[in-house]
Amino acid sequence: MHWEFVAVGYSFVFGGLALYTFFLLRRGRQLSRRVPPDRRRFLD
Amino acid sequence: MTTSEVAPEAAPSGAEPPPHTGSAATRRLGFFAAVAVALMLFFGLYISGPEVTQGEAVRLFYIHVPTIAAAYLGFFVTLVGSVIYLRTRSQFWDLLAASSAELGVLFCTFLLVSGALWGKPTWGVYWQWDPRLTSTAVLYVTYIGYLALRRMELPPEVRSRRAAILGVISFANVIVVHYSVQWWRGLHQGSTLGIDSEIGGMQYFSFFLGLIAMLLVYAWLLLHRFRVAWLSQQIEELGLARALAERRAETDNGGAF
């Protein structure tokens with residue numbers, strides 16, 4: 001009973017987290033390639 | 001010139017920082033967050049059973065309440081970052097506040113959707129203009145406004161100062177949301193973890209696993225989001241420096257003729 005609500009809820013939350021993480025890490029890679037190493041001081 | 005042209009690609013080497021936002025700390029934190037999420041899914045969806053009145057919908061509670069905890073934490077870090085920025089004008093705290101606000105909005109989205117999905121089988125409606133739900137919607141819109149302000153075309157110092165002031169003022173609504181179930185009578189239940197709580201045993205355990213998982217995920221995402229914000233700031237500054245140098249060169253050449 002009510003498994004459909006559980007399935008949609010978990011899919012939305014964890015799917016959303018996965019998507020956000022994917023785009024965040026990809027943007028991090030793209031930006032860090034354009035920044036000289038001496039300016040990446042918060043990456044250590 | 002666009003900001004994408006400001007610097008050549010940095011060649012990765014052993015001595016240089018890696019061309020991504022990861023580090024030993026984020027890898028460790030990410031590992032623990034992933035383990036906590038896996039355990040939470042295992043216990044929340046498989047081990048713990050249905051609740052007497054809510055049925056299987058109680059499983060939504062294991063993600064619904066932890067997401068508001070992560071959102072509250074996100075907005076609290078924005079408040080702290082904003083206050084320290086207003087005192088010190090430190091770019092670090094400004095970027096931390098902005099990064100945390102974005103994560104707060106993300107977790108608030110999950111909160112509203114999981115709450116609506118929990119409300120339909122439990123209350124019979126997805127949405128009700130109840131004090132808790134209405135104040136949460138106002139909170140959500142307020143922090144979307146904060147993020148919109150951060151994207152406005154303003155001088156960086158003005159934008160940061162206005163955002164910091166909004167970051168401080170907006171936190172008042174977090175207090176309103178939290179105490180709304182005590183201040184006003186509505187459809188939303190009070191604290192789910194009180195003495196008269198209907199859940200217990202494995203359901204409690206699954207909930208605490210969800211809480212730990214969401215807070216670890218928030219912390220891990222915050223590190224990465226902050227580093228992305230820092231890198232964007234560096235590119236903006238490099239672009240500005242390059243544009244100024246070009247303008248000076250143009251002026252010098254014009255003066256020579």
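This is a predicted model: local features need pLDDT of at least 70, side-chain atom pairs count only at pLDDT 80 or more; totals for chains, interfaces and linings use all residues.
In which helix of chain B does Thr136(B) lie? Thr136(B) belongs to helix H4 of chain B.

Chain A contains one helix and zero strands. Its C-alpha trace extends over about 55 × 15 × 5 Å along the principal axes, and 25% of its 44 residues are buried. Chain B has six helices and zero strands, so that its order of elements from the N terminus is α-α-α-α-α-α. Of its 257 residues, 39% count as buried. Among the contacts in chain B that link residues at least 6 apart in sequence, 81% join residues at least 24 apart.

The contact between the chains involves 31 residues of chain A and 37 residues of chain B. On the side of chain A, these residues comprise 18 nonpolar, six polar and seven charged ones.

One helix pair within this interface can be described in detail. Helix H1 (residues 3–34) of chain A packs with helix H3 (residues 91–123) of chain B at an angle of about 170 degrees, and their axes are 9 Å apart. Because angles over 145 degrees count as roughly antiparallel, H1(A) is roughly antiparallel to H3(B). From H1(A), the residues Phe5(A), Val8(A), Gly9(A), Phe12(A), Val13(A), Gly16(A) and Tyr20(A) meet Leu106(B), Phe110(B), Val113(B), Ser114(B), Leu117(B), Lys120(B) and Pro121(B) of H3(B). By class, the residues of this contact are 10 nonpolar, three polar and one charged.

The buried residues of H1(A) include Phe5(A), Gly9(A) and Val13(A), and these three also take part in the contact with H3(B). Val6(A), Gly28(A), Leu31(A), Ser32(A) and Arg34(A) in H1(A) are buried as well. The length of H1(A) can be checked against expectation: at 1.5 Å a residue, its 32 residues should span 46 Å, and the end C-alpha atoms are 46 Å apart, which agrees.

**The largest nonpolar core**

The largest nonpolar core has 63 residues, of which Leu60(B), Ala71(B), Phe75(B), Phe107(B), Cys108(B), Val217(B) and Tyr218(B) touch the most other members. Two or more residues each are given to this core by H1 of chain A and by helix H1 (24–47), helix H2 (58–88), H3, H4, helix H5 (156–183) and helix H6 (202–256) of chain B. The largest share, 18 residues, comes from H3(B). Ala71(B), leaving aside residues up to four places away in sequence, touches Gly104(B), Phe107(B), Cys108(B) and Leu111(B).

**Helix H4 of chain B**

H4(B) has 20 residues and reaches 29 Å from its first C-alpha to its last, close to the 28 Å expected at 1.5 Å a residue. Its buried residues are Pro131(B), Arg132(B), Leu133(B), Ser135(B), Thr136(B), Leu139(B), Tyr143(B), Tyr146(B) and Arg150(B). The elements that cover them include H2, H3 and H5 of chain B.

Pro131(B) is found in this helix, which runs over residues 131–150. Apart from its neighbours within four places in sequence, Pro131(B) is in contact with Ser180(B), Trp184(B) and Gly186(B). The C-alpha atoms of Pro131(B) and Tyr179(B) are 9.7 Å apart, although the two residues are 48 residues apart in sequence.

Thr136(B), with residues up to four places away not counted, touches Leu111(B), Leu112(B) and Val177(B). A separation of 19 Å lies between the C-alpha atoms of Thr136(B) and Tyr218(B), which are 82 residues apart along the chain.

**Burial of selected residues**

| Residue | Other C-beta atoms within 10 Å | Class |
|---|---|---|
| Pro131(B) | 20 C-beta atoms | buried |
| Arg89(B) | 13 C-beta atoms | partly exposed |

Why does Pro131(B) count as buried? A residue is buried if 20 or more other C-beta atoms lie within 10 Å of its own, and Pro131(B) has 20. Arg89(B) is partly exposed because it has 13 such atoms, whereas exposed residues have 12 or fewer.

**Backbone at Arg89(B)**

Arg89(B) is placed in the loop between H2 and H3 of chain B. Most residues other than glycine have a negative phi. The phi of Arg89(B) is near 60 degrees, a positive value in a residue other than glycine.

Definitions and conventions. Residues are numbered from 1 along each chain as its sequence is written. Chains are lettered from A and ligands numbered from 1 in the order in which they are written. Two residues are in contact if their C-beta atoms, placed from the backbone, lie within 7 Å. Ala, Val, Leu, Ile, Met, Phe, Trp, Tyr, Cys and Pro count as nonpolar, Asp, Glu, Lys and Arg as charged, and the others, Gly among them, as polar. Helices (H or I, at least four residues) and strands (E, at least two) are DSSP runs, numbered from the N terminus. Axes are lines fitted to C-alpha atoms, for helices over the stretch in contact, and angles run from 0 to 180 degrees between N-to-C directions. Angles under 35 degrees count as roughly parallel, over 145 as roughly antiparallel, 65 to 115 as roughly perpendicular and the rest as oblique. The expected span of a helix is 1.5 Å times one less than its number of residues. A nonpolar core is a set of buried Ala, Val, Leu, Ile, Met, Phe, Trp, Tyr and Cys residues joined through C-beta atoms within 7 Å.
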